[in-house]
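Please read this briefing alongside the sequence and the coordinates.

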Amino acid sequence: MSVQSTIKRKTAPDIRARKNGEPIVMLTSYHAHTAALVDRHCDVILVGDSLGNVMHGFETTVPVTLDMMILQGRAVMRGSQHALVVVDMPFGSYEASKEQAFHSAARILKETHCGAVKLEGGERMAETVAFLVERGIPVMGHIGLTPQSINTLGSFRAQGREEGSWEPIENDAKAISEAGAFSIVIEAVAEPLARRITETIAIPTIGIGASAACDGQVLVLEDMLGLSPRTPKFVRRYGELGPMIEAAIEGYARDVRSRAFPGPEHVYGMKTKS
């Protein structure tokens, strides 16, 4: 008889149970080293398709592939021990059919060992979410500003700021919740609307440019640390590592050119005969 190892990580049901409880802390990570740092403080680590912007310099997340997400998902799983790791399903990996979504999500779970996947879209994706959940795949939803739809949206603008525009977004949240998602990201949505959605749906909401009333918050790690050259309004910087790193690189280059580095303490001498 086989004995399964004790599960130390937070799970999708653990996060689902946090509705109206202690706020959920979530950050992105794409590397084993940053995952180890984030893991000490976060409930959820998101391997976001924002890696296309942060790691590869893409203007949007659209070019990100399933293989890219799986590769970085593996790295984050190796670097973390306690947080629930959620991997984004990239554009083109789930929209064609429920079956395509299942095959893509199954690859992510099997090849990374992560605990859940995230996909964008509201009512139009509810049937797919239900299909995945019924087949054992925990799903985090994502509504409001959906970056994968940038080519139809036209720009990264906040949603729900015009009178009469709330109903479709509320319907999206309700549909994803009722389809069985364990939580839902609300991105760049007018504060009163995000607050209302949080109060009315049964699953935790995780805000990014939404409301402090959400059940949790998420930011892109590089944005929060001041490593990104441009950041949205909703980002609060908790560090300015960009200038610090540039100063360190400048110092290294200066020392190499002046032959101040490496010094005697950084090189290896000959072993003395005993």
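How many aromatic pairs does a search of the whole structure find? The search finds 1 aromatic pair, and that pair is formed by Tyr252 and Phe261, with an edge-to-face arrangement, 6.0 Å from centre to centre and 65° between the planes. Rings of Phe, Tyr and Trp (its six-membered ring) count as a pair if their centres lie within 6.5 Å, and planes under 30 degrees apart are called stacked, those over 60 edge-to-face and the rest tilted.

This is a predicted model, in which local features need pLDDT of at least 70 and side-chain atom pairs count only at pLDDT 80 or more, whereas totals for chains, interfaces and linings use all residues. Residues are numbered from 1 along each chain as its sequence is written, and side-chain values use heavy atoms, with hydrogens and water left out.

**Overall make-up**

- The protein has 11 helices and 8 strands, where helices (H or I, at least four residues) and strands (E, at least two) are DSSP runs numbered from the N terminus.
- Along the principal axes, the C-alpha atoms of the protein fill a box of roughly 75 × 60 × 35 Å.
- Of the 274 residues of the protein, 48% count as buried; buried means under 20% relative accessible area, exposed over 50%, and partly exposed in between, with a 1.4 Å probe and protein chains only.
- Among contacts (heavy atoms within 4.5 Å) between residues at least 6 apart in sequence, 57% join residues at least 24 apart.

- Helix 4 (residues 66-79) has 14 residues and reaches 20 Å from its first C-alpha to its last, close to the 20 Å expected at 1.5 Å a residue; the expected span is 1.5 Å times one less than the number of residues.
- Because 10 of its 14 residues are buried, helix 4 is largely enclosed by the rest of the structure; among the buried residues are Leu66, Ile70 and Ala75.
- The cover over the buried residues of helix 4 includes helix 2 (32-39), strand 2 (44-47), helix 3 (51-54), strand 3 (84-88) and helix 5.
- Arg107 is found in helix 5 (residues 98-112) and is partly exposed, with a relative accessible area of 31%.
- Leaving aside neighbours within four places in sequence, Arg107 is in contact with Leu66, Asp67, Ile70 and Thr112.
- The side chain of Arg107 makes a polar contact of 3.0 Å with the side chain of Asp67; such a contact is a pair of N or O atoms within 3.5 Å, where within protein one must be able to donate a hydrogen and the other to accept it, and residues adjacent in sequence count only if both atoms are side-chain atoms.
- The C-alpha atoms of Arg107 and Ala75, which are 32 residues apart along the chain, are separated by 15 Å.

**The annotated position**

- The UniProt annotation "active site", from an unreviewed entry, covers Glu187; UniProt positions are given in the numbering used here, feature names are shortened, and annotations may be inferred rather than shown by experiment.
- Glu187 is found in strand 6 (residues 183-187) and, at 10% relative accessibility, counts as buried.
- Not counting residues up to four places away in sequence, Glu187 touches His142, Ile143, Gly144, Leu145, Pro147, Ile208, Gly209 and Phe234, and a polar contact of 2.9 Å joins the side chains of Glu187 and His142.

**Charges over a ring**

- The charged end of Lys98 sits over the ring of Phe131, 5.5 Å from its centre, and the charged end of Arg135 sits over the ring of Phe131 at 3.5 Å from its centre.
- A charge sits over a ring if NZ of Lys or CZ of Arg is within 6 Å of the ring centre and within 35 degrees of the ring normal.

**Backbone features**

- Most residues other than glycine have a negative phi, and most peptide bonds are trans.
- Asn20, in the loop between helix 1 (12-16) and strand 1 (24-28), has a positive phi of about 65° although it is not a glycine, and it counts as exposed at 66% relative accessibility.
- Just after helix 11, Arg259 takes a positive phi of about 60°, and Arg259 is exposed, with a relative accessible area of 74%.
- The peptide bond from Phe261 to Pro262 is cis, with omega near 0°; Pro262 lies in the segment after helix 11, and Phe261 counts as partly exposed at 36% relative accessibility.
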